[in-house]
Amino acid sequence: MPAKATLFNIKCEPVYDFGTGPRNCVYYNPQGNIICLAGFGNLRGNMEFWDRAKLQNISKPQSQDSTYFSWSPDGEHFVTATCSPRLRVGNGFRIWHYTGSLLYEQAVDAKQELYEVIWQPFPQGTFPEKKIVHPASITSTAVQQEAKPSAYVPPHARDRPAGSLPKLREYEPPQGTATALTEEQNLSKSALKNKKKREAKARAQQQQQQRPNTVDSRSQEQRDAVAVAAHILAPSGPQATVGGPPVEVEKKIKNVTKKLKAIEKLKQQQASGKTLESNQLEKLQGEAALLKELQQLQLS
């Protein structure tokens, strides 16, 4: 099956889809501005060089029977080699430019074997990033355009139209970001399942956080007192005027009720085994006075 290559950002979001092709490795140049997608070893040595910033294809050279690839420290040249023991015949190396130009080729004598090719090391930062050159047409001096033999067709299918023949390999062209897949389509089944679990958990936590605001945590005595006060302060005639005494009484009742709620919470904390501070204990001692004040406000 053709290999599919996709570029992702740091948030694991797809940035560019390179389509499919005969690939089994990816190489960034030292400056990080050129990407090489290649297929070596048991593949035919096809290479694709891409501009990382513009996401445009630069060249498509081919280095057959290659088992090794390495970028030069300058980020513009690279070497491909056929090394032993992966391949013991046809050993040698080639030096290329990323535009697809073959600059140098050295073959090893048939009685000798090449085991390794290494660039001369340089300190990091010796070669600054240079502007990428895009050839007018994507060609390579090393690729010899050979007439490809027609695909094999079984005898029973040779009389069929070409469009009706089954395709063994579907190659996808680069799709870019315009036709990028949706987020859920990019996720695997397990990742999509985990995503739905996280969303359900987040909704449950949000509902649990909102629940204390809707559930009345006051004691029965406090709820009865507030109900009586609301009944007394209900607008029934000329008493319900803005700025009159009923408004002031309502404010005082709300203030006292708020303090009683705080005392009730302190009681729950004390019952659960939490040690209260001195000021909190003083608030608990003042509960009786607050209840008495609330009763007086209700009767006023």
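Which residues does Glu-76 touch, not counting residues up to four places away in sequence? In this predicted model, the contacts of Glu-76 are Trp-71, Trp-96, His-97, Tyr-98 and Lys-130. Glu-76 itself is placed in the loop that runs between strand E7 (68-71) and strand E8 (77-82). Although buried, Glu-76 has no salt bridge. Lys-130 is the nearest side chain of opposite charge, at 4.1 Å; a salt bridge requires a nitrogen-to-oxygen distance within 4 Å.

**Aromatic pairs**

Trp-71 and Trp-96, both touched by Glu-76, also belong to a cluster linked by ring pairs, together with Tyr-27, Phe-40, Phe-49, Phe-69 and Phe-78. The structure holds 13 aromatic pairs. One of them joins Phe-18 and Trp-50 in an edge-to-face arrangement, with 4.9 Å centre to centre and 75 degrees between the planes. Because Phe-18 lies in strand E2 (residues 14-21) and Trp-50 in strand E5 (residues 47-51), this pair ties together parts that are 32 residues apart in sequence. Both Phe-18 and Trp-50 are buried.

**Salt bridges**

| Salt bridge | Distance (N to O) |
|---|---|
| Arg-23 and Glu-48 | 3.3 Å |
| Glu-113 and Arg-88 | 3.1 Å |
| Lys-267 and Glu-287 | 2.7 Å |

The salt bridge of Arg-23 and Glu-48 links distant parts of the chain, 25 residues apart: Arg-23 is in the loop between E2 and strand E3 (25-28), and Glu-48 is in strand E5. Arg-23 is buried, with a relative accessible area of 10%, and Glu-48 is buried at 13%.

In the salt bridge of Glu-113 and Arg-88, Glu-113 lies in the loop between strand E10 (102-107) and helix H1 (183-186), and Arg-88 in the loop between E8 and strand E9 (92-97), so parts 25 residues apart in sequence are tied together. Glu-113 is partly exposed, its relative accessible area being 32%; Arg-88 is partly exposed at 47%.

Lys-267 and Glu-287 form a salt bridge that ties together parts 20 residues apart in sequence, because Lys-267 lies in helix H4 (residues 245-271) and Glu-287 in helix H6 (residues 287-299). Lys-267 is partly exposed, with a relative accessible area of 33%, whereas Glu-287 counts as buried at 16%.

**Cysteines**

The structure holds zero disulfides. Cys-36 is in no disulfide, and the nearest cysteine sulfur, that of Cys-25, is 6.8 Å away. Cys-36 is buried, with a relative accessible area of 0%, while Cys-12 counts as exposed at 62% relative accessibility.

Conventions:
Residues numbered from 1 in each chain as written. Predicted model: local features only at pLDDT ≥ 70, side-chain atom pairs only at ≥ 80, totals over all residues. Heavy atoms only, no water. Phe/Tyr/Trp six-rings, centres within 6.5 Å; stacked < 30°, edge-to-face > 60°. Helix = DSSP H or I, 4+ residues; strand = E, 2+ residues; numbered from the N terminus. Buried < 20%, exposed > 50% of the residue type's maximum accessible area, 1.4 Å probe, protein only. Disulfide = S-S within 2.5 Å. Lys, Arg positive; Asp, Glu negative; His and termini not counted. Contact = heavy atoms within 4.5 Å.
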